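The sequence and structure come next.

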Amino acid sequence: MQHATYFNAFLKDRVNLSDAKLNLLAVRVDTIYGVLKADTEIGHLVRGKKPQGSWAQRTIINPVGDKEFDADFMLDMKENPDWADSPKLYIESVYAAIHRHSTYKGMPHTRKCRCVQLSYANSMHVDIVPYVRLASGREVIVNRDEDRWEDTNPAGFTAWMQAKDTIADGNLRKVIRLMKYLRDHKGSFTGTRSIILTTLLGERVSEFYKPADPGYYSNVPTALLHIVSDLDDWLQQRPNKPSIPDPSGSGVTFDHRWDQTTYAYFRARIHVHAAQIQSAYKETDPATSVRLWQEVFGERFKAPVTAGGSKFLVPAPAITTVTRTGRAG
C-alpha cells in the first residue's frame, strides 16, 4: 500500500529541514555576505551571492542527531587579473577576510578544496564557494588542491532540476530527500555524494513512461517506487562504475567523486532498497505494509497525528495495474 499520508508526515516531521533552520541559514548567509562585501581588501571584487547545492535544489534534510547540517552558497566575484596564474588565491582571499573579521576569526573556519567553510557550533556549517565569470565567458569555481579552474553552470543545473521535478509531478525533490535520509540516518550507501545521488535519481525521471501511465509519479510513494526501481534497472546493467556527466551541460563529470568500491556498494544497496520498496508498496494488508515501509525507513515512519493527538490510518488508493515488468503503477 502507498500510505501517502504517512510519507507526507514523515517528510514534514523527520526528513525536511525546518523552516526555522532554513530562515536562520538565510540570515547567516546574508550576514557573511555583508561582511565580505564590506571587507577592505576584497569587497570591491564581491558582486553577489546565490544558494548552491542541496540548499539551492531544495533537497537539504535534517542532520543526524546533534550534528551540524551543511549548506553552500556561491560568492560571485569579479575576475582579478593579478590572480590569473593562481585561481586558489580567490579561496585564500575569502579565508583571509573571514579570518580577520572580529566575530568570525573566533569561530571554526577552514579552507577546503572548493570553498571556505565557516562552522556554527551545534548548528550548521556554511561553505562559501568563490564563483567567477571569466572574460572568456567561462563560468568557473576553484579547485584549490590543484590550483586550477573547474567549469560550472549553476543556472543550468537548477533548470535541469526544475524540469525533472516538473516531469515527476513535484515529487523528485521529495524522493531525493528520502534517499538522502536512508544514506545519512539509516547508514545505507554511505560514501555516495549528494551531487551523484541527485544526478542519478534525476536522470531516471522521464516523460517516456507517462503516456502509458499518467500516474507514474503521481505521489511520493509512487514516484519513489518508480524512480528507485528505474535506477536499480540502470545500475544492474552496469557492474563497473559509469561516467556521470554534469547534467547542466558544463562539460565536466562527477567521476572523481567516487570510486569502484563506493559504486559497487551503492549499486548493491539500491538493489536491496528497490525490492523492499516494491514489497511495501504492493502489500495489500495495511499493517503489514506499514511494517515493510518501516523496514526501509525505520519506526519513525508512522501514522500522521491529528490535531487532537490521535493517530489515524488513511486507506491507501488501490494499486494500479502493472505497466512494465516488475512495476506497480
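Strands S6 and S7 (residues 148-151) pair in the antiparallel sense over four bridges. Two strands count as paired if DSSP finds at least two bridges between them, and the strands themselves are DSSP runs (E, at least two residues), numbered from the N terminus, as are the helices (H or I, at least four residues). Within this pair, Val140 lies opposite Asp151 in S7. The two strands make a hairpin with four residues between them, and Asp147 in that turn has a positive phi of about 50°.

This is a predicted model, in which local features need pLDDT of at least 70, side-chain atom pairs count only at pLDDT 80 or more, and totals for chains, interfaces and linings use all residues. Residues are numbered from 1 along each chain as its sequence is written, and side-chain values use heavy atoms, with hydrogens and water left out.

On its other pairing, S6 (residues 139-143) joins S5 in the antiparallel sense through three bridges. Here Glu139 in S6 faces Arg133, and Ile141 in S6 faces Tyr131. The hairpin of S5 and S6 has five residues between the strands, and Gly137 takes a positive phi near 100°. As for cover, five of the five residues of S6 are buried, where buried means under 20% relative accessible area, exposed over 50%, and partly exposed in between (1.4 Å probe, protein chains only).

Strand S4 (residues 116-120) runs antiparallel to S5 and is joined to it by five bridges. Ile128 in S5 is the bridge partner of Phe73 and also of Val116. S4 and S5 form a hairpin with three residues between them, and Asn122 in its turn has a positive phi of about 55°. S5 (residues 124-133) is mostly covered, with nine of its 10 residues buried.

Lys302 is located in the segment after helix H10 (286-297). Lys302 counts as partly exposed because its relative accessibility is 34%.
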